[in-house]
Amino acid sequence: MGAAIGGGLAGLTAVGTGLFGLRQARLQLKHQESEAARQRRFESLTERRGPRSQAYAEFVAAGQDLIDALYGQEREFHEQFEGLWENIRKRRSTVAIAGPDPVVKAAGEFADEVRSFRNDLMHRLRRGHPFNEKHRFERRLDAFTKAARTALEDEGHPPGGPSATAAPQA
């Protein structure tokens, strides 16, 4: 009788150990899958970082050219404005393709501000030197720059942050 009870307990211990091992294996597999997904995201972001960086830099340069032109003579500014506006529009389309959404949105807000200014100029709604409007453009361009830096600093962590890929607890 004692041998049967001892054998039964040994069998239950073996089953319990097997279930615990199975649970650990599943948790480890889940962690490995999560880590592999994070690594793929990181590699994808790394591949896109160069082209994004260039698109962002060109957009900032186009915006800064516009702001710099505001410091010149009013007549010269009006002569240059259409070319500056066209350059911003072209650079915005490159940013729209490069993404991500927060950067695209910030580029759109800057371009919308310039377009609104352009419409006001065309309808003669602006009075005074265009320099008086530089703060509008500087704020929007600064917001774009901040969004672009954030996107370029992304290291591939899921939206929940790095703790989302931490090793699961047993």
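**Rings, a helix and a patch**

Guide: Welcome! Tyr56 counts as buried because its relative accessibility is 3%, and buried means under 20% relative accessible area, exposed over 50%, partly exposed in between (1.4 Å probe, protein chains only). This is a predicted model, in which local features need pLDDT of at least 70, side-chain atom pairs count only at pLDDT 80 or more, and totals for chains, interfaces and linings use all residues. Residues are numbered from 1 along each chain as its sequence is written, and side-chain values use heavy atoms, leaving out hydrogens and water.

Visitor: Why does Phe144 count as buried?

Guide: Phe144 has 0% relative accessibility, so Phe144 counts as buried.

Visitor: What makes Phe77 and Phe117 an edge-to-face pair?

Guide: A pair of aromatic rings is described by the distance of the centres and the angle of the planes. Rings of Phe, Tyr and Trp (its six-membered ring) pair if their centres lie within 6.5 Å; planes under 30 degrees apart count as stacked, over 60 as edge-to-face and the rest as tilted. The centres of Phe77 and Phe117 are 6.1 Å apart and the planes are at 65°, so this pair is edge-to-face. Phe77 belongs to helix 2 (residues 74-98) and Phe117 to helix 3 (residues 101-122), so the pair ties together parts 40 residues apart in sequence. Helices (H or I, at least four residues) and strands (E, at least two) are DSSP runs, numbered from the N terminus. Both Phe77 and Phe117 are buried.

Visitor: How many aromatic pairs does a search of the whole structure find?

Guide: The search finds 8 aromatic pairs. In one of them, Tyr56 and Phe144 are edge-to-face, 6.0 Å centre to centre with 90° between the planes. This pair links distant parts of the chain, with Tyr56 in helix 1 (residues 2-70) and Phe144 in helix 4, 88 residues apart. One aromatic cluster includes Tyr56, Phe77, Phe117 and Phe144.

Visitor: How do you know that the span of helix 4 agrees with what it should be?

Guide: The expected span is 1.5 Å times one less than the number of residues. The 19 residues of helix 4 (residues 134-152) should therefore span 27 Å, and the end C-alpha atoms are 27 Å apart, which agrees.

Visitor: Which residues are on the face of helix 4 turned away from its buried side?

Guide: That face carries the exposed residues Arg139, Asp142, Lys146 and Thr150.

Visitor: Why is Met1 called exposed?

Guide: Met1 has a relative accessible area of 80%, so Met1 is exposed. Met1 sits in the segment before helix 1.
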